[in-house]
Amino acid sequence: MSYRKTLKLICGVAGGSAVLVLAAAEYRGYLGEPPGEAAGRRAIFGVLRAAQPAWTPASHTPAPTGHAWDFNWDKRDPHTLTNGKKTNAPATEDPSSEQDNSKPKATRNILLIRHSQYNLSGTVDKERILTPLGREQADFTGKRLAALGLKYDVMIHSSMARATETANIISKHLAGVELVSCDLLREGAPIEPVPPVTHWKPDAVYHEDGARIEAAFRRYIHRADPKQKEDSYEIIVCHANVIRYFVCRALQFPPEGWLRMGLNNGSITWLTIRPSGRVALRTLGDAGFMPPDKLTRT
């Protein structure tokens, strides 16, 4: 077998075991090359082997690298409370009789909407209104939310001009949904990103914006109240930094990784929070309902 065909084969086979088997074949001269020439190939196979993930000997699957899921991440896990006092009882799906009344029963669905394109040349917030394209984007988002056919409970929006205007346009498609403004959802720098970026230097101080955005997370991202009987659907119209931070925190990913994601204007990010405290990301930055020539990330 020629070296080129062999390399094509190795690239087309999934799994670290294929690399090891093929490397062994090359070492023993099974690839049709003299030992001297084969030696020159070993560096390439070494690189391929180094690129493979770490495997556990027993299961041949990637080894876990993170911590176990914290079921009490929102401090609302009923299994840690008995008669209002914390206990050391392990988190389970089945409540005891004492916990039954305090256990959430409904699922919260939180749809995070990034504001539409806005005027970047504005010097103050009230001048940073939506562009004509931004108003089109908000209209597309409103139509998409209406087409989902969900019973929305409330639409909360950042008090900044671009988010407020986006929410107002969306609300035209969602009759009867209450609009609520919130200063905590204003744009900012939640935490210093890792890896660091030298070209992006926010005006706000991290510890100031970070405390506010974390407060917004704790207010809006949590499991349902035990008194809530039916699943809920809530819309939050805010900003890219806020949404990306919320996603990292809700999924228990390192929050400093928030800048590694990108979101289109008017896109929909959907978080689901189960009564048990489990969190799922149903969509991240979905903007497939807009024509390609309407997509922006400003």
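This section describes the fold, nonpolar cores, salt bridges and cysteines of a predicted model.

Residues are numbered from 1 along each chain as its sequence is written. Because the model is predicted, local features need pLDDT of at least 70 and side-chain atom pairs count only at pLDDT 80 or more, while totals for chains, interfaces and linings use all residues, and side-chain values use heavy atoms, with hydrogens and water left out.

The protein chain contains seven helices and eight strands, taken as DSSP runs (helices H or I, at least four residues; strands E, at least two) and numbered from the N terminus. Of the 298 residues in the protein chain, 42% are buried. Here buried means under 20% relative accessible area, exposed over 50%, and partly exposed in between, with a 1.4 Å probe and protein chains only. The accessible surface of the protein chain is about 16,500 Å², of which carbon and sulfur atoms supply 55%; areas come from the Shrake-Rupley method with a 1.4 Å probe, and for residues only the protein chains shown count as cover. Among contacts (heavy atoms within 4.5 Å) with a separation of 6 or more in the protein chain, 69% are accounted for by residues 24 or more positions apart.

A nonpolar core is defined as a set of buried Ala, Val, Leu, Ile, Met, Phe, Trp, Tyr and Cys residues joined through side-chain atoms within 4.5 Å. In soluble globular proteins, nonpolar side chains tend to be buried together. The largest such core has 29 residues, and L185, I221, I236 and F246 have the most contacts inside it. Two or more residues each are given to this core by β3 (108–114), β4 (154–158), α6, β6, α7 and β7 (268–273). The greatest contribution, eight residues, is that of α7. Within α7, F246 is buried; leaving aside neighbours within four places in sequence, F246 is in contact with L112, L185, I213, A216, F217 and I221. A second, separate core has 17 residues, including A163, Y233, I235 and W270.

Helix α7 spans residues 240–250 and is mostly covered, with ten of its eleven residues buried. After α7 comes Q252, with a positive phi near 60°.

Eight salt bridges are present in the structure, each being a side-chain nitrogen of Lys or Arg within 4 Å of a carboxyl oxygen of Asp or Glu. Side chains of opposite charge can pair when their charged atoms come close. In the pair R223 and D74, the closest N and O atoms are 2.7 Å apart.

A network of salt bridges links E214, R218 and R249. Within it, the side chains of R218 and E214 meet at 2.8 Å, N to O; both residues lie in helix α6, four residues apart, about one turn of the helix. An α-helix has 3.6 residues a turn, so residues three or four places apart point the same way. The closest N and O atoms of E214 and R249 are 2.8 Å apart. This pair links distant parts of the chain, as E214 is in helix α6 and R249 in helix α7, 35 residues apart. The relative accessibility of R218 is 58%, so R218 counts as exposed, whereas E214, at 12%, counts as buried. R249 is partly exposed, with a relative accessible area of 22%.

Q137 lies in helix α4 (residues 132–147) and counts as buried, at 0% relative accessibility. A polar atom of the Q137 side chain lies 2.9 Å from the backbone nitrogen of Q117. Beyond neighbours within four places in sequence, Q137 is in contact with S116, Q117, N265, M290, K294, L295 and T296.

A search of the whole structure finds zero disulfides, a disulfide being a pair of cysteine sulfur atoms within 2.5 Å. C238 is in no disulfide, and the nearest cysteine sulfur, that of C182, is 9.7 Å away. C238 counts as buried at 0% relative accessibility, as does C248 at 4%.

Definitions and conventions:
Polar contact = N/O pair within 3.5 Å; in protein donor to acceptor, adjacent residues only side chain to side chain.
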